[in-house]
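I would like to take you through one structure, beginning with a point in a loop and then widening the view.

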Amino acid sequence: MRDATVVTTSTQTPRLIVVQGSYRQMGEALGHATADLIARSLDTYLGRFRADAGLSDADIDRWGHTYLDIAASYSPQIAAMLDGMASGSRQPAHRLAALNARTEMLYGTGYRDEGCTSLSVLPSHTGDGHTLLAQNWDWHPEQAEVTFLLATRDETGFSVLSLAEAGMLAKSGLNSAGLGVCANLLVSDRDRGGAGVPYHYLLRGALQARTMSGAHKKLLPVQRISSGNVLLADGNGGEAVDFELAPNVFGTLLPENGLITHANHFETPLPLHDKKAATSALTILRSVRARHLLEPALEDRRIGLTDIVATLRDEWSFPDGICRHPDPEVPEAERNATVYSVVMDLTDRVLWIAPGPPSRHGYARWELDTLFDDPTPGPLEFLPESQKTATAPSEEIPA
């Protein structure tokens, strides 16, 4: 097993976990490096499975084995990483499979109030001709403690940098082929429990693709059992497409004037009932608000990183805006907020990330092409006025 490298930049930015080797070796190193976090994540979600979904331990194990078998048929790479992570963390592989299927395991419980906002700008409308992709990930604030950036590089040199909750393999991120992925929760009356490819497998499957067409093949012609939105962009050739996914159907959104924005409701005329549009915090206006904020720079074809960051920091309709804050009128266990904010330059393979709320924090910068040789970020960038102070130096901790 190769050791993982754990890099902590400060108390305000997520740690970076770097693993290299075969997919099983990477999973094992990842499991070893994050064993404590995985145990915490399992405690949280297994408790939800029991309390909210009414699942017994036997039910959890039965479905975990089902989703582990599905991993092997959907992506041998995902299956190998799960197997290795189980060995490294000393947790059952089927429990990790259930964790990666937490959206599907919690089907019908109402425990799905993620409120993410995503956007992508084509190179024809950016100031430097680069393809940009960005997202605010809104979820329970306590999950920040068990979430990190995961960098993987396989034996062929193919690499991925993605946000990930402990025990899971992907969320929003980019790869060395120049592809990027952002995720948004959707809920429809087509969603169901049962056997199918979990949403978080789909995200990792798309990030493992080396071409846009390859990513489509990992998302579309598969058996889905839950709804979800996937915004894909490609730094090679500068294209982007948004897929609204649901069981047995999908809708497609293409850029308008060089820009795609998306929140947590269906925008395409699919044969389904949207079960989140009325209740997900401000979803009807968040994507429109993002477009409105970017329109002046969009019309001049000069959108830059500062425009994207300013949009992700927008606090209009506080506390439920694009930059979401915990609502003190909501019970603490049910509160949601922006947990992390991510900006990606897919042309240069660079990712910036800030903890939530991003209006209060600076962004750490990571270059995918160099972080395996030197996993040391520079100083925080895009600092708000209230946080323009020196940051702690990086500390590397071999796992």
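**Loops, sheet and helix packing**

Let me begin with Arg-349, which counts as buried, its relative accessibility being 12%. Please keep in mind throughout that this is a predicted model. Arg-349 sits in the loop that links strand 13 and strand 14. Although Arg-349 is not a glycine, its phi is positive, at about 60 degrees.

Strand 13, residues 337-345, runs antiparallel to strand 14, residues 350-355, with six bridges between them. Within this pairing, Tyr-340 is opposite Pro-355 of strand 14.

Where do these strands sit in the sheet order? They belong to an open sheet of six strands, ordered 12-3-4-13-14-15, and the pairing is antiparallel. Strand 12 (259-262) and strand 15 (364-367) form the edges; each has a single partner strand, so one side of each lacks a neighbour in the sheet. From one strand to the next, the twist averages 15 degrees.

I turn now to a residue of strand 13, Thr-338. Is Thr-338 buried or exposed? Thr-338 is buried, because its relative accessibility is 4% and the cut-off for buried is under 20%. Its side chain forms a polar contact of 2.7 Å with the side chain of Asp-138. A polar atom of the Thr-338 side chain also lies 2.9 Å from the backbone nitrogen of Arg-324. Beyond four places in sequence, the contacts of Thr-338 include Trp-137, Ile-322, Gly-356 and Pro-357.

The bond from Gly-356 to Pro-357 is cis, with omega near -10 degrees, and Pro-357 is located in the loop between strand 14 and strand 15. A cis bond also joins Phe-318 to Pro-319, with omega about 10 degrees. Pro-319 belongs to the loop between helix 10 and strand 13, and Ser-317 is found in that loop as well. Ser-317, not a glycine, has a positive phi of about 60 degrees. Its relative accessible area is 33%, so Ser-317 is partly exposed.

Next, the helices. Helix 9, residues 283-299, lies across strand 3 and strand 12, at about 155 degrees to strand 12. Its axis and that of helix 10, residues 305-312, come within 10 Å and cross at roughly 155 degrees. Helix 9 is therefore roughly antiparallel to helix 10, and their crossing is right-handed. On the helix 9 side, the contact is made by Ala-290, Leu-293, Leu-294 and Ala-297; on the helix 10 side, by Asp-307, Ile-308 and Thr-311.

I close with a hairpin. Strand 10 (residues 239-246) pairs with strand 11 in the antiparallel sense over five bridges, and Leu-245 has Phe-250 as its bridge partner. Two residues separate the strands, and Asn-248 in this hairpin has a positive phi near 70 degrees. Strand 11 covers one face, with Val-249, Gly-251 and Leu-253, while Phe-250 and Thr-252 lie on its uncovered face.

How values were computed
Residues are numbered from 1 along each chain as its sequence is written. This is a predicted model: local features need pLDDT of at least 70, side-chain atom pairs count only at pLDDT 80 or more; totals for chains, interfaces and linings use all residues. Side-chain values use heavy atoms; hydrogens and water are left out. Buried means under 20% relative accessible area, exposed over 50%, partly exposed in between (1.4 Å probe, protein chains only). Helices (H or I, at least four residues) and strands (E, at least two) are DSSP runs, numbered from the N terminus. Two strands pair if DSSP finds at least two bridges between them. A polar contact is a pair of N or O atoms within 3.5 Å; within protein, one must be able to donate a hydrogen and the other to accept it, and residues adjacent in sequence count only if both atoms are side-chain atoms. Contact means heavy atoms within 4.5 Å. Axes are lines fitted to C-alpha atoms, for helices over the stretch in contact, and angles run from 0 to 180 degrees between N-to-C directions. Angles under 35 degrees count as roughly parallel, over 145 as roughly antiparallel, 65 to 115 as roughly perpendicular and the rest as oblique. A crossing is left-handed if the near helix is turned anticlockwise from the far one by less than a right angle, and right-handed if clockwise.
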